[in-house]
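Hi,

Here is the model you were going to look at, with the sequence alongside.

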Amino acid sequence: MKRHVRWIVIGLFSLITGLTHAQENLIPEDSIGFRDFLILQNEIPGVSFRFQIKEKLISDRLLTDSLYLFIKTDSGFLSKLFSDFGQIRQLEMPLHYDSLQYKLHYLVFSEVSSVAATREYLSNRIQSGDLLVQFEEVAPSDDLVSLASYAPYLPMQRFKLRFISDYKLFIVTGVIAFFLIIATSMIVAMLFMKAKINKREKLRKDYDRLIIDPLTSLLFEKEQEEIELMKFDDIYQYFPEEMLAKPLYKDVLIDRIIGLNKKMKGDFKEKLKAIFKKLSLDKISLDSLSSSEWDKVAMGLVQINEMDLVEALPKVKVHANSSNFHIRSQAVATLLNLSEKVDLTFLRDQTFPLSLWQQMNYLRIIRFVRHQKDLKLQILFDSKNPSIRIFGYKLVSVLGRVDLIEHLAARTGEVSDEEKIEILEVYSTLGAHMEVGFINDCLKSENAELSMAAANAAGSIGDSVSADILVGLIAVETDFRRKHGFLKSLYDLDRDRFELATSTNPETETIEILKHILDPMLQHV
Amino acid sequence: MKKILIIEDDLLISSLVQFRLKKDGYETHLVCDGNEGIKAIDELKPDLIITDVMMPFRSGIEIIHYAKQTQPDIPIIVLSSLGEEEQVVLEAFNLGVADFIPKPFNPNELAIRVKRVLK
């Protein structure tokens, strides 16, 4: 496209410069040629000429000739001004006859001008379109070669139409025409596309109607085993062979079966899956995994997930670490849903960070499948991706996997503060009293967020050491919110130490926090 | 023969329900939006209404309102997705629907509930 634009610009530039150059070339540069050029033009507005005879004496016949009206000057005789250049030859004849030395003076707006100045003036008039140049007509009877010698190469000089001679108007018209053509083409293309889409939509509706009856009959008339044992000839009685050859018909069938599968339960679900496979629609789903269009791949993954196409899992696994968010999410969801043994390595090896939406989605599936499958969540702790590790810690908490606290404890020495905060939440949720040492270590941390998370955990599972640390923190803390947090944790952990700490601290701020904590109405404010 | 009016915008679901209920010997009538549903209630005077909640033009709740005002004796079964807000389900029951069947559903189960409601 860029190359085309470049060529268009070059073309327009060449046309403009070529036209300008051509217009200038119309006027000969030599004085004889220029005189002949003027003769052809006849009258030119603003331009006139006169004769100057340099002799000291001229005949009485010329002197008294009313055609010339010669007057005597210091440099010779000057004629009156003539405006019709076509008369030049006729006017020169008597001068030639008397063998007089004469000169032509050109005048622009009654001012004597040189040949160059007059030429410049005419050139400007021609360029602005004020003057239409006349050319010598060559007799058509001459042969071509002779004719060519009479006609010097002057581009564009033969354009009789004023429209074409005016290159600016020509270019503007060209540009407008170009845009009109483009706009028209776009409208035609849009109409074509719209018609195509409408036709497709109409066909979809028609196929939809055609599908309802056979699908309903099949679901109610046949058992799942019968559907699985059906031969193609039997299938064609419900869904005609020529229709099954049409990709759009199959698309509608897939949409309908998938849609119905979501709204049905019990044996109907199994029957739908059997029909899906019997019609070889699973092959379409599998093929779509190799598509270069991400939406087709994602749709294929949804179909595999919905129709429990376990045999497609190796192909699905390939997409588990796809750079496309939707493909990746669907692939992981499908693997979690369909894998017989979910070892979660595909999730561990993901290099892309997990979004909150993905975490919610995976959690929903994991919650659903955890009773049927042995999930080895600890695999996620070994991931190189911090978001996967944090998701693993969250799962321990949400699924109540107390058995994994030992795995978590083994990792606390090497993880980041962000992960420590998540682990503290797990300990707090699961009541991991045996890990109070880790909580106390975190309470001493210089990371404000980490020490606050540790204080929250200490409020529920802390010990006397935690209370000592909290008292120390309260004494030195200046930030209101943090102080409030520490006091609240101490209140939850040890009421006596809390009362002691507040009674020995006469600060107004502490008294305000104390009132706030003790007031049951403000407990959640 | 008992007349059952099925108001459901998903043609495939309504056809399945119709097919199943016809097997049990009921006379069934299908309409696919709320406006048609209200018109059909007046014209058909059905013995039972099975309606979806989310539909074009008028919702299932509006249909229940209308049916309970004009023909309060007609029992109504709501057939809708579980994703529907709890408040909508409660409102339907408050209006006096006979039963609520969440989607995904089993047409055989629906047939049993229909039989029970029409007894």
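**What I found**

Just after helix 4 of chain A, Ser99(A) takes a positive phi of about 50°. Helices here are DSSP runs of H or I with at least four residues, strands are E runs of at least two, and both are numbered from the N terminus. Helix 4 itself, residues 88-97 of chain A, is hardly covered, with 0 buried residues among its 10. A residue is called buried if 20 or more other C-beta atoms lie within 10 Å of its own, exposed if 12 or fewer, and partly exposed in between, with C-beta atoms placed from the backbone.

Before you go further, a word on what this is. It is a predicted model, in which local features need pLDDT of at least 70 and side-chain atom pairs count only at pLDDT 80 or more, while totals for chains, interfaces and linings use all residues. Residues are numbered from 1 along each chain as its sequence is written, and chains are lettered from A and ligands numbered from 1 in the order in which they are written.

Chain A averages a pLDDT (the predictor's confidence in each residue, from 0 to 100) of 84, and 89% of the residues score at least 70. Over residues 17-21 of chain A the pLDDT is below 50, and this stretch has 3 contacts in the model beyond near neighbours in sequence. Two residues are in contact if their C-beta atoms, placed from the backbone, lie within 7 Å.

**The sheet in chain A**

Chain A has an open sheet of 5 strands in the order 2-3-1-4-5, with antiparallel pairing. Strand 2 (71-73) and strand 5 (111-113) are at the edges with a single partner strand each, so one side of each has no neighbour in the sheet. From one strand to the next, the twist averages 40°. Two strands pair if DSSP finds at least two bridges between them.

Strand 4 (residues 102-108) and strand 5 of chain A pair in the antiparallel sense over 3 bridges, with Val108(A) opposite Glu111(A).

**Cores in chain A**

The largest nonpolar core has 110 residues, and Leu424(A), Ile439(A), Ala454(A), Leu470(A) and Leu490(A) touch the most other members. A core in this sense is a set of buried Ala, Val, Leu, Ile, Met, Phe, Trp, Tyr and Cys residues joined through C-beta atoms within 7 Å. Helix 25 (residues 448-461) of chain A gives the largest share of this core, 8 residues. Apart from it lies another core of 6 residues, including Phe37(A), Val47(A), Phe85(A) and Tyr106(A).

Leaving aside neighbours within four places in sequence, Leu424(A) is in contact with Ile439(A), Cys442(A), Ala453(A), Ala454(A) and Ala457(A).

**A loop worth a click**

Ala320(A) is in the loop between helix 16 (313-318) and helix 17 (325-338) of chain A. This residue counts as partly exposed because it has 19 C-beta neighbours inside 10 Å. Ala331(A) is 11 residues away along the chain, yet the C-alpha atoms of Ala320(A) and Ala331(A) are separated by 5.1 Å.

Chain B has 5 helices and 5 strands, running β-α-β-α-β-α-β-α-β-α from the N terminus on. Of its 119 residues, 34% count as buried. Strand 1 (residues 3-7) of chain B is mostly covered, with 4 of its 5 residues buried. Strand 1 and strand 2 (residues 27-31) of chain B run parallel and are joined by 5 bridges; Ile7(B) has Val31(B) as its bridge partner.

The contact takes 12 residues from chain A and 12 residues from chain B. On the chain A side, helix 8 (167-221) and helix 12 (247-263) are the elements that give two or more residues.

Cheers

Methods. Axes fitted to C-alpha atoms, helices over the stretch in contact; angles between N-to-C directions.
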